[in-house]
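Biologist: Could you take me through this model in plain terms? I am new to reading structures.
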Amino acid sequence: MTAPAESSAATYQRPVLDTVEHAAATPDEVQPYADLGLKADEYQRIRDILGRRPTAAELAMYSVMWSEHCSYKSSKVHLRKFGERVTEEMKEHLLVGIGENAGVVDIGDGWAVTFKVESHNHPSFVEPYQGAATGVGGIVRDIISMGARPVAVMDQLRFGDVAHPDTARVVHGVVSGVGGYGNSLGLPNIGGELVFDASYQGNPLVNALCVGVLRHDDIHLANASGVGNKVILFGARTGGDGIGGASILASETFEDGVPAKRPSVQVGDPFMEKVLIECCLELFQAKVVEGIQDLGAAGISCATSELASNGEGGMHVDLDSVLLRDPTLNAGEILMSESQERMMAVVRPEKLDEFLAITAKWDVETSVIGEVNATGRLTIDHHGQRIVDVDPKTVAHEGPVYDRPYARPAWQDALVADTTAARGLPRPETAEQLRATALRLLAAPNLASKAWVTDQYDRFVQGNTALAQPDDGGVVRVDESTNRGVALATDANGRYAKLDPRTGAALALAEAYRNVATVGAEPLAVTDCLNFGSPENADSMWQLVEAIEGLADACQELGVPVTGGNVSLYNETGEPGRVDSAIHPTPVVGVLGVLDDVRTAVPSGWRAAGLSVLLLGTTADELDGSAWADVEHQHLGGVPPRVDLAAEKALASVLVAARRDGLAAAAHDLSEGGLAQALLEASLRFGVGARVSVAPVAERDGVTPFAALFSETTARALVAVDPAREAEVVAAAQAAGVPVVRLGETGGDAVVVEGPFEGGALEIPLAEAREAFEGTLPRIFG
Amino acid sequence: MAAPTLDAARIGVLTFPGTLDDRDAARAVRLAGGEPVSLWHADADLHGVDAVVLPGGFSYGDYLRAGAISRFAPAMGAVVDAARGGMPVLGICNGFQILTEAHLLPGSMVKNDHLHFVCREQQLVVENASTAWTNQFAQGQTITIPLKNQDGQFVADDRTLDELEGEGRVVFRYVGQNPNGSRRDIAGITNERGNVVGLMPHPEHAVEAGFGPDAADGVRAGTDGLTFFTSVLASLVRA
């Protein structure tokens with residue numbers, strides 16, 4: 001045998017068995033803390049906490065739990081604002097707030113829902129299919145850990161430029177990953193977002209949202225109270241996949257030539273997850289679970305330290321009892337493994353047999369790995385020796401907290417000054433020019449039909465879906481006897497947020513809130529997924545701080561609390577200090593609303609001719625950051641549309657009342673692409689056209705026909721109403737202080753727009769519009 | 001209609017690990033006026049049901065081949081015996097795949113020709129309105145039923161296809177668009193006796209106004225799927 005080659009620095013040194021005793025006796029042993037993502041001062045703090053050096057296993061635990069991904073160390077000081085700005089009134093519908101896996105919201109009649117959006121961005125660039133698939137799996141397990149039955153999912157996807165050679169790889173992988181995993185779980189996919197922009201080229205964003213339903217009495221919190229209770233690991237076996245994923249994949253940028261920093265992305269098994277869901281629901285129903293936690297980032301390290309520190313006592317775990325897929329894994333690897341489809345439960349000893357009978361029925365492998373005790377310590381043994389002895393709170397909750405420096409970027413002023421007007425970007429004026437513009441926008445990848453993606457997802461399963469994409473919000477029934485249910489919408493416009501992150505975050509909330517109201521639901525609560533650049537870059541950090549401020553303020557003004565969410569940082573691969581260093585700041589905001597009867601939810605298009613088309617809201621000339629500026633001029637500069645939350649609130653009240661009173665045959669909010677896009681989408685929804693005039697808008701609001709058609713002023717929506725009841729809608733709008741104007745009526749097989757412009761009415765036959773709208777994504781991605 | 005007898009009809013809905021649409025199928029039975037009975041794959045006892053639905057999903061994760069593992073479930077032995085004795089059996093999507101694996105129906109399903117999962121509101125023409133599951137349809141009627149699958153392309157050799165067509169055993173054909181490349185646009189078939197029917201589209205997702213496919217009288221108002229379940233109840237009354 002030849003001598004082994006000199007081991008590289010990146011090779012993980014497998015310790016013999018680094019026990020607590022051994023660690024205490026060998027204080028000077030060099031430990032690979034930097035390779036595990038810990039800074040020197042963080043490592044020193046661990047030594048200070050323990051009063052000795054950590055064992056290899058302890059180091060593994062601290063390193064994953066203190067990573068950005070798990071500890072929110074850079075965002076924590078700012079995220080507090082969401083809680084600080086929650087008023088008593090906002091808490092009215094909140095049964096569990098921020099801090100748990102997901103918040104729980106009261107929707108009436110004893111029903112509660114829990115919902116949350118999370119990111120799986122970096123793994124989805126490395127391995128798009130598995131990254132996206134396990135993103136869905138993770139958020140679904142989060143919802144199960146609240147004791148809820150998952151009832152729907154949505155996904156928010158952002159990719160690079162459609163023309164870039166790498167984009168198709170990521171798109172195909174992510175879309176089929178979301179579908180391949182999600183479709184196998186029996187959860188309807190009721191909508192989401194799809195955006196292409198060069199800023200996401202090396203940093204695609206894959207966010208996934210799940211909503212679950214439970215009775216008020218059935219809320220399960222993740223804690224390990226009760227001395228003598230058993231700690232049980234069940235589901236898939238623990239393997240070598242995703243080791244270090246939490247601390248390394250999610251916290252550091254990718255560097256070429258450092259393979260050790262790119263451990264394998266976790267691999268999902270949706271069949272196992274589906275069985276695990278049903279098994280957990282049966283366990284909940286049998287009331288044999290005291291506490292439950294999903295195993296996500298940081299695996300057993302996270303689950304044991306969080307369960308132990310959320311309870312009142314301590315916990316002892318024997319790692320030899322963990323069922324392994326690969327028997328050669330060492331203790332650190334077992335503790336860090338992010339193998340999917342695993343759950344940890346705390347069970348009373350007298351309920352253990354019943355628990356095991358249920359997991360056996362579902363053929364779910366189960367192992368008792370430990371016990372709750374009163375020591376206040378988390379101790380872990382391996383091969384009969386003590387390898388972990390820590391205060392679990394120091395692992396789970398007392399990680400480092402950074403108040404990172406942040407500053408308005410040097411380039412921000414120039415970006416804001418670069419308005420579409422200052423540039424003198426030519427605006428269409430004649431009917432023919434306006435018509436061509438509307439069609440080009442309709443066919444642009446970001447405005448075109450998303451059916452190529454959504455048709456790959458099951459929206460029918462469970463038989464409770466009342467609305468899904470392409471309607472403004474997804475709507476699912478919760479109670480079959482009353483038809484009570486919830487509506488969900490998510491939004492984020494990274495272009496707006498780039499121009500002004502504070503306003504951009506508020507705009508994201510405003511649009512999601514508006515979308516939920518447009519289908520007729522009363523908005524109740526908010527979840528968010530903050531996708532930003534590196535917190536170590538003062539520019540990106542400033543964007544994050546501004547966005548949190550803007551979102552916290554806007555939530556307070558609209559009276560809807562943030563109930564939970566997620567932060568994804570380090571979405572940045574450019575050279576720091578430049579305008580294009582990082583992704584567009586992308587605060588994805590999800591709003592949940594309630595409907596007393598989901599069958600009355602309002603679709604986004606009209607099915608009948610002869611309905612009056614009304615426009616609610618005022619239009620200003622707001623085209624900076626717009627879809628027009630992007631599609632026609634590849635321009636981003638200036639200031640985003642103004643936020644008017646009072647106007648949003650008033651508009652929402654009119655839309656919700658219109659649904660309740662059966663007045664709205666269709667409603668569609670105005671957003672990217674403005675009135676022109678909204679009219680075309682509403683007409684294409686069921687293939688019924690409309691004949692309208694923009695003259696009343698142009699005159700009343702003092703804007704050009706172009707601005708009337710393409711401006712992206714907020715707090716606006718189209719409503720189609722039976723002419724016999726038009727006066728009721730007008731009266732309701734006026735009573736609420738919402739400007740309302742009749743644009744025309746539905747009918748025909750074209751969208752015809754009259755206006756004070758040259759060339760007579762502009763006419764877009766629906767067949768031509770449909771080809772533009774539906775042809776784009778199949779043509780690019782087929 | 002003989003209502004008291006219909007109320008007494010008990011329709012089993014068989015759940016495998018990975019089944020997704022069992023609750024939907026049970027709801028469809030209930031809305032049609034029958035009594036749904038949950039059956040478990042590991043239980044060889046059919047508990048005296050009058051008919052069985054094998055619902056859609058990804059039983060055993062579609063591992064090896066869709067339906068290939070499920071056909072060996074203890075409950076399937078009982079289903080095969082009952083079907084041979086004339087009990088009405090409906091296989092929907094994964095259930096259809098299981099029926100072909102169990103040799104109750106000929107042919108097989110392979111990956112869609114475009115290789116994507118597809119979810120759409122699909123038009124079908126009813127070509128055989130005399131099976132246990134279609135007797136309340138009109139011959140030649142066009143219906144709209146949601147379709148959602150990855151492995152939905154029906155394939156068989158030409159002799160089998162000729163036989164199916166010659167014997168009137170093609171129950172449904174896709175119209176407007178063949179969504180997956182199925183041979184001769186076949187969406188569903190029956191056995192010689194007409195008691196076993198399998199199809200890829202999902203009738204249980206078109207049974208309740210507000211939650212089905214779009215229809216002439218409203219958004220998601222389509223309930224064409226309900227007729228599958230009223231048909232089987234009618235066939236049980238006649239039997």
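Modeller: One term to begin with: contact means heavy atoms within 4.5 Å. Among contacts in chain A between residues at least 6 apart in sequence, 85% join residues at least 24 apart.

Biologist: Before we go on, what kind of model is this, and how are things numbered?
Modeller: This is a predicted model, where local features need pLDDT of at least 70, side-chain atom pairs count only at pLDDT 80 or more, and totals for chains, interfaces and linings use all residues. Residues are numbered from 1 along each chain as its sequence is written, chains are lettered from A and ligands numbered from 1 in the order in which they are written, and side-chain values use heavy atoms, with hydrogens and water left out.

Biologist: How many helices and strands does chain A have?
Modeller: Chain A has 28 helices and 26 strands. Both are DSSP runs numbered from the N terminus: helices are H or I with at least four residues, strands are E with at least two.

Biologist: And how compact is chain A?
Modeller: Chain A is as compact as a globular protein of that length, because its radius of gyration is 27 Å, close to the 28 Å that the globule rule gives for 782 residues. The radius is taken over C-alpha atoms, and the rule is 2.2 Å times the number of residues to the power 0.38. The C-alpha trace of chain A spans about 90 × 55 × 50 Å along its principal axes.

Biologist: What share of chain A is buried?
Modeller: Of the 782 residues in chain A, 66% are buried. Buried means under 20% relative accessible area, exposed means over 50%, and partly exposed is in between, with a 1.4 Å probe and protein chains only.

Biologist: New topic. At what angle do α17 and α28 of chain A pack?
Modeller: Helix α17 (residues 431-443) and helix α28 (residues 766-781) of chain A pack at about 30°, with their axes 7 Å apart. Axes are lines fitted to C-alpha atoms, for helices over the stretch in contact, and angles run from 0 to 180 degrees between N-to-C directions. The two helices, α17(A) and α28(A), are therefore roughly parallel. Angles under 35 degrees count as roughly parallel, over 145 as roughly antiparallel, 65 to 115 as roughly perpendicular and the rest as oblique.

Biologist: Which residues make the contact?
Modeller: From α17(A) they are Arg435(A), Leu439(A), Leu442(A) and Ala443(A), and from α28(A) they are Glu768(A), Ala769(A), Ala772(A), Phe773(A) and Thr776(A).

Biologist: What about α7 and α10 of chain A, at what angle do they cross?
Modeller: Helix α7 (residues 128-144) and helix α10 (residues 270-285) of chain A cross at roughly 5°, and their axes come within 11 Å. That makes α7(A) roughly parallel to α10(A). Residues in this contact include Val140(A) and Ile144(A) of α7(A), and Leu276(A) and Phe284(A) of α10(A).

Biologist: Which peptide bond is cis?
Modeller: One is the bond from Gln469(A) to Pro470(A), with omega near 10°. Pro470(A) is in the loop between β14 (465-467) and β15 (474-477) of chain A.

Biologist: Tyr570(A): buried or exposed?
Modeller: Tyr570(A) counts as buried, at 7% relative accessibility. Tyr570(A) has a positive phi of about 65° although it is not a glycine, and its place is the loop between β18 (562-568) and β19 (586-595) of chain A.

Biologist: Last one: where is Gln141(B), and what does it touch?
Modeller: Gln141(B) is in the loop between β6 (118-126) and β7 (142-149) of chain B. Not counting residues up to four places away in sequence, Gln141(B) touches Leu124(B), Val125(B) and Val126(B). At 27% relative accessibility, Gln141(B) counts as partly exposed.
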